[in-house]
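Please read this briefing with the sequence and the model side by side. It goes through a few side-chain pairs and then turns to the whole chain.

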Amino acid sequence: MRYYEKLDEREVDGFQVIVDKTWEDIDPWDQLSECFDDKDQLYADIESCKYDWFMLRVRALFDGNEMGSAYLGGCLYEDAREVLTDGTAEDIIYEAVAEAKAYAKQLKEKLNELEVE
């Protein structure tokens with residue numbers, strides 16, 4: 001089972017947006033070898049929590065129901081909350097909310113076809 005740590009929660013365009021993170025499965029060296037000189041030092045810095053190596057997840061919910069989501073892997077920060085201030089999370093939030101809006105539109109059209117008393 002995967003554990004997620006909540007980084008932020010806010011309302012965006014009528015949707016409850018939750019930004020969280022979990023561990024990243026991919027090898028950081030595969031993604032970052034051009035940015036670091038020493039593979040062993042990179043691993044040691046992640047292991048010692050100097051750097052946080054994670055996958056970002058954003059969920060857009062309406063009335064407690066997930067309507068959209070977006071993910072970004074390969075995030076490396078000294079503090080994971082920095083992802084909330086550098087524009088990275090905003091891009092992923094935009095994707096999740098756009099997906100939620102599209103799904104809401106489809107759902108609205110389908111619900112309008114129902115005869116509910």
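Glu-9 counts as partly exposed, with a relative accessibility of 36%; the classes are buried (under 20% relative accessible area), exposed (over 50%) and partly exposed (in between), found with a 1.4 Å probe and protein chains only. The side chain of Glu-9 meets that of Lys-6 in a salt bridge, at 2.6 Å from N to O. The model is predicted, so local features need pLDDT of at least 70 and side-chain atom pairs count only at pLDDT 80 or more, while totals for chains, interfaces and linings use all residues. Residues are numbered from 1 along each chain as its sequence is written, and side-chain values use heavy atoms, with hydrogens and water left out.

**Salt bridges**

- A salt bridge here is a side-chain nitrogen of Lys or Arg within 4 Å of a carboxyl oxygen of Asp or Glu.
- By this rule the count is nine salt bridges.
- Lys-6, the partner of Glu-9, is partly exposed at a relative accessible area of 45%.
- Glu-90 and Arg-10 also meet through their side chains in a salt bridge, at 2.8 Å from N to O. Glu-90 lies in helix 3 (residues 88–113) and Arg-10 in strand 1 (residues 5–12), so this pair ties together parts that are 80 residues apart in sequence.
- Both residues of that pair are partly exposed: Glu-90 has a relative accessible area of 37%, and Arg-10 has a relative accessibility of 26%.
- Asp-13 and Lys-101 form a salt bridge through their side chains, at 2.8 Å from N to O. Asp-13 lies in the loop between strand 1 and strand 2 (15–23), and Lys-101 lies in helix 3, so the pair ties together parts that are 88 residues apart in sequence.
- Asp-13 counts as exposed at 54% relative accessibility, whereas Lys-101 is partly exposed with a relative accessible area of 42%.
- A network of salt bridges links Glu-5, Lys-21 and Asp-52.

- Which residues does Arg-59 contact, leaving aside its neighbours within four places in sequence? They are Gln-16, Val-17, Ile-18, Asp-20, Glu-66, Gly-68 and Ser-69, where contact means heavy atoms within 4.5 Å.
- Arg-59 is in strand 3 (residues 52–62), and at 18% relative accessibility it counts as buried.
- Ala-96 is in helix 3 and counts as buried at 0% relative accessibility.
- Not counting residues up to four places away in sequence, Ala-96 touches Val-58, Ala-60, Gly-68, Ser-69 and Ala-70.
- Ala-96 and Glu-78 are 18 residues apart along the chain, and their C-alpha atoms are separated by 25 Å.

**Positive phi angles**

- Most residues other than glycine have a negative phi.
- Cys-49 is not a glycine, yet has a positive phi of about 70°. Cys-49 sits in the loop between helix 2 (39–47) and strand 3, and is exposed at 62% relative accessibility.
- Asp-63 is not a glycine either, and has a positive phi of about 55°. Asp-63 lies in the loop between strand 3 and strand 4 (65–77), and is exposed with a relative accessible area of 70%.

**The whole chain**

- The protein has three helices and four strands, in the order β-β-α-α-β-β-α along the sequence. Helices (H or I, at least four residues) and strands (E, at least two) are DSSP runs, numbered from the N terminus.
- The radius of gyration of the protein is 18 Å, whereas a compact globule of 117 residues would have one near 13 Å. This radius is taken over C-alpha atoms, and the globule rule is 2.2 Å times the number of residues to the power 0.38.
- Along its principal axes, the C-alpha trace spans about 65 × 25 × 25 Å.
- Of the 117 residues, 38% count as buried.
- Among the contacts with a separation of 6 or more, residues 24 or more positions apart account for 55%.
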